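Here's a quick tour for anyone opening this one for the first time. Have a look at the sequence and the model, then read on.

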Amino acid sequence: MLSFECDYSEGAHEKILKRLLETNMEHLPGYGSDNYCESAKEKIRSACNCPDAEIFFLTGGTQTNQVVIDSMLRPYEGVVAARTGHVSVHEAGAIEACGHKVLTLPQHQGKIDSLELLALLESFWDDENYEHMVFPGMVYISHPTEYGTLYTEEELKSISGICRKYQIPLYMDGARLGYGLMSRHTDVTLPKVAEYCDVFYIGGTKVGALCGEAVVFTKKNMPAHFLTIVKQHGALMAKGRVLGVQFDTLFTDDLYFEISKHATTMAEYMKEGFRKKGQKFFIDSPTNQQFLILENNQMKELQKKVSFSFWEKLDDSHTVVRFAASWATQKEDIDRLMELF
């Protein structure tokens with residue numbers, strides 16, 4: 001059975017497993033206060049070209065989104081996101097469970113438009129009844145988006161400028177950030193992300209780690225007593241070393257970027273294979289997620305031999321599905337996949 005269902009179905013990169021084994025018997029302090037966490041933070045600051053960045057390691061994406069959003073918003077504030085944003089659709093109401101509404105904007109291939117964001121903020125503050133409404137207190141974007149698409153530097157700059165005008169933070173979900181940064185079709189770099197975003201996270205779970213996300217506060221804006229807030233959310237890992245060792249390894253010798261580039265290269269190889277087979281694409285994704293339109297009977301037959309993700313119904317007889325390449329995808333697996341079409 002071939003698997004292209006997601007980019008976290010494998011365990012972890014062998015270099016990470018090796019370092020975890022090498023450091024396994026060391027006696028280290030808990031809760032992220034060990035030397036590996038500190039080393040990883042320094043390497044991430046350097047990669048971001050943001051020497052004052054404050055960094056905290058958490059274990060998963062939904063957990064990270066909930067903790068960051070809840071800690072940075074006041075009780076009467078909500079977070080603005082695309083209608084298809086991960087926090088809007090695929091997090092089981094985790095944000096709303098903390099008492100914060102997700103305020104949605106239209107999506108354009110997964111992205112929000114800066115002019116529509118500006119219109120939403122202007123409309124809110126022009127409404128004489130705004131005191132009776134949920135305040136837009138943060139803007140959430142993901143890069144890549146749920147559809148594998150990418151913001152350009154100009155788009156990030158524009159959204160960031162609007163956020164700063166209204167004094168609300170711009171937060172980037174970077175669960176697959178490596179795959180976005182290493183796409184051949186981007187002009188966004190990690191230092192640019194740090195420049196335009198007030199807070200973002202570097203995803204490890206989907207990019208070679210067993211688990212883990214590195215939250216980066218770029219403007220000396222980490223909420224006070226953030227460790228305590230994380231613990232209140234049940235998200236503080238006693239063996240923080242597990243996260244520190246992994247990110248220290250990922251940011252040694254550009255491993256994070258190397259394996260991310262491998263995934264995007266494999267995705268491009270897969271995309272070309274689909275094109276040669278005459279398959280129809282739902283969207284032109286420049287990253288590791290590829291979206292096809294399959295006839296329903298074709299989809300059911302294919303599911304007998306390969307796993308992939310349902311995405312959405314297109315019409316009564318066609319379905320949009322996702323094939324994901326990862327840091328561990330091999331060319332031979334893609335060749336076998338193409339034989340099934």
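In which sense do β3 and strand β5 pair, and over how many bridges? They pair in the parallel sense, over four bridges. Keep in mind that this is a predicted model. The notes below start with those strands and then move on to another sheet, the cores and the rings.

**Around strand β3**
- Strand β3 takes in residues 77-82, and six of its six residues are buried.
- On one hand there's β5, residues 135-142, where V139 is the bridge partner of V80.
- β3 is also joined to strand β4 (residues 102-105) by four bridges, and these two run parallel.
- V80 has a bridge partner in β4 as well, namely L103.

**An open sheet**
- Four strands make up an open sheet in the order β9-β10-β13-β12, with antiparallel pairing.
- β9 (280-281) and β12 (309-313) sit at the edges with a single partner strand each, so one side of each has no neighbour in the sheet.

**Nonpolar cores**
- The largest nonpolar core has 55 residues, and the ones that touch the most other members are I44, V139, F200 and I202.
- Leaving aside residues up to four places away in sequence, I202 touches I44, G174, L177, L190, E213, A214, V216, F247, F251 and Y256.
- There's a second, separate core of 24 residues, and V67, V79, A81 and F217 are among them.

**Aromatic rings**
- The count of aromatic pairs comes to 22.
- One of them joins F217 and F226 edge-to-face, at 5.2 Å centre to centre with 80 degrees between the planes.
- F217 is buried at a relative accessible area of 0%, and F226 is buried too, at 2%.
- F274 and F281 have ring centres 6.3 Å apart and planes at 70 degrees, so this pair is edge-to-face.
- Here F274 is buried at 0% relative accessibility, whereas F281 is partly exposed at 23%.
- Y76, F124, W125, Y130 and F135 come together as one aromatic cluster.

**Charges over rings**
- F281 turns up again: the charged end of R275 sits over its ring, 5.6 Å from the centre.
- K111 lies over the face of Y151, at 5.7 Å from the ring centre.

Definitions and conventions: Residues numbered from 1 in each chain as written. Predicted model: local features only at pLDDT ≥ 70, side-chain atom pairs only at ≥ 80, totals over all residues. Heavy atoms only, no water. Buried < 20%, exposed > 50% of the residue type's maximum accessible area, 1.4 Å probe, protein only. Pairing = 2+ DSSP bridges. Core = buried A, V, L, I, M, F, W, Y, C linked by side-chain atoms within 4.5 Å. Contact = heavy atoms within 4.5 Å. Phe/Tyr/Trp six-rings, centres within 6.5 Å; stacked < 30°, edge-to-face > 60°. Lys NZ or Arg CZ within 6 Å of the ring centre and 35° of its normal.
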